[in-house]
Amino acid sequence: MNSVHNVDLTPFNTLALPGKAAAYRKITAPEQLTAPELAGQTRFILGGGSNLVLTGDFAGLVLHMAIPGKRLLKEDSEAFYIEAGAGENWHDFVQWTLQQGWPGLENLSLIPGTVGAAPIQNIGAYGLEVGECFHSLTAWDFEKQAFFPVDRDNCRFGYRDSVFKQEGWHLNGRMAITSVIFRHPKAWTPNLRYADVNQELAAQNITTPTAQDVAKAIVAVRQRKLPDPVVIPNTGSFFHNPVVEAAQAEALKASHPTLPCYPQPDGRVKLAAGWLIEQAGWKGKNLGPVGMYEKQALVLVNRGGATGDDVKRTMAAVQADVQARFGVALTPEPIFL
Ligand code: EPU
């Protein structure tokens with residue numbers, strides 16, 4: 001399979017930002033990554049493009065991961081082990097596991113993107129992070145020219161973080177994840193740690209929810225708050241929720257009693273970036289064609305025709321205002337190419 005040249009990447013990033021790849025190749029089977037000509041090039045590994053800010057043209061080779069496949073790998077007395085190709089659509093995969101009777105990932109319903117990208121930033125929502133249901137993955141190392149397995153402990157999962165980000169392997173195109181194995185314990189109880197989900201189930205008079213009920217509730221909550229990227233281009237949360245020292249959180253809480261604070265196991269405190277951005281006046285506000293969404297201030301949206309520079313301008317303005325008002329630095333969640 002050959003690369004195609006000068007490919008428009010606008011349809012491949014959910015912020016719909018313009019930019020061309022000097023070369024582009026769709027990868028539909030792991031063996032295609034072993035082609036010798038791929039090794040010596042500047043690469044970018046693209047999944048669903050839902051966590052990406054395209055800042056312009058890319059002079060290298062974009063490898064678009066489209067490896068399909070999903071199956072029950074094995075089952076023991078305690079758990080189901082389910083394997084999926086990196087290119088599978090995340091939401092479709094989650095719904096398929098539920099239909100098969102293998103609950104566990106329902107709280108991560110409707111997250112855009114692919115299976116292969118999920119571990120990289122340890123996607124999380126509504127009281128669950130993918131690392132909690134993760135068993136292992138297989139990736140191709142372009143430098144060593146070999147496939148290698150990575151188990152859960154070696155992923156070093158954190159809040160929107162993993163070894164793949166920490167070591168820069170993903171961003172510098174060093175490796176490409178080809179498949180992921182999930183472990184779903186058979187002992188299942190609904191994960192209802194999140195108030196919004198409880199409220200949604202209560203509104204539907206569901207007291208003992210099935211995994212499918214939880215998935216439906218989460219889809220409803222997300223659809224209410226988050227814009228559909230097909231309609232309003234976005235990348236979900238644009239900033240991480242900042243984690244600050246307890247003393248700083250206490251001082252902020254004293255002057256701003258409604259600030260949502262989430263104590264962390266290490267003693268630090270996670271703050272709600274959406275709240276900080278809203279208080280800084282950015283909810284529903286635009287700078288040129290890029291603004292912060294009117295129903296969830298943490299979501300940066302392309303109102304139409306934006307470029308990577310427009311995104312950077314709005315991002316910097318929001319960061320500056322939140323810093324000036326609260327002394328808190330916001331770091332972006334998506335990666336910049
Ligand atoms: N808030 C505001 N104003 C806003 C937005 C939020 O005051 O405009 C307040 C809310 O009232 C709430 C708090 O901030 O008290 C948290 O808001 P929310 O529950 O909507 O969640 P979040 O912290 O903004 C995080 C994840 C989302 C995930 C939700 C639900 C991050 C960066 N984001 O958002 O993940 O869906 O929790 O678990 O951790 C994503 O990463 O792309 C993403 C959508």
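How many nonpolar, polar and charged residues does the lining of the second largest pocket have? The last legend below gives the count; the views are taken from a predicted model.

**View 1. Residues around the ligand.** The ligand has 23 residues around it, and those that come nearest are Tyr126, Tyr159, Tyr194, Glu278 and Gln296. Sorted by class, this shell holds eleven nonpolar, six polar and six charged residues.

View 2. In the side chain of Tyr194, an N or O atom is 2.3 Å from an oxygen atom of the ligand. For Arg160, a side-chain N or O atom is 2.8 Å from a ligand oxygen atom. On the side chain of Glu278, an N or O atom is 2.6 Å from a nitrogen atom of the ligand. The protein buries 82% of the 820 Å² that the ligand exposes when taken alone.

**View 3. Helices and strands of the ligand shell.** At least two shell residues come from each of strand E8 (124–125), helix H5 (211–225), strand E13 (234–237) and helix H7 (273–279). H7 supplies the largest share of the shell, three residues.

**View 4. The second largest pocket.** This pocket holds about 360 Å³ of space. Its lining consists of 18 residues, of which Leu110, Ile111, Pro112, Asp228 and Pro229 are the closest to the centre. H5 and E13 are the elements that give two or more residues to this lining, and the largest share, three residues, is from E13. By class, the lining of the second largest pocket has six nonpolar, ten polar and two charged residues.

Note on methods. Residues are numbered from 1 along each chain as its sequence is written. This is a predicted model: local features need pLDDT of at least 70, side-chain atom pairs count only at pLDDT 80 or more; totals for chains, interfaces and linings use all residues. Side-chain values use heavy atoms; hydrogens and water are left out. A residue is near a molecule or strand if one of its heavy atoms lies within 4 Å of it. A polar contact is a pair of N or O atoms within 3.5 Å; within protein, one must be able to donate a hydrogen and the other to accept it, and residues adjacent in sequence count only if both atoms are side-chain atoms. Accessible areas come from the Shrake-Rupley method with a 1.4 Å probe; for residues, only the protein chains shown count as cover. Helices (H or I, at least four residues) and strands (E, at least two) are DSSP runs, numbered from the N terminus. Ala, Val, Leu, Ile, Met, Phe, Trp, Tyr, Cys and Pro count as nonpolar, Asp, Glu, Lys and Arg as charged, and the others, Gly among them, as polar. On a 1 Å grid over the protein atoms alone, a cavity is a set of points where a 1.4 Å probe fits but cannot get out, and a pocket is an open set with protein on both sides within 12 Å along at least five of seven lines; lining residues have an atom within 4 Å of a point. Grid points are joined across faces, edges and corners, and a volume is the space filled by probe spheres set on the points.
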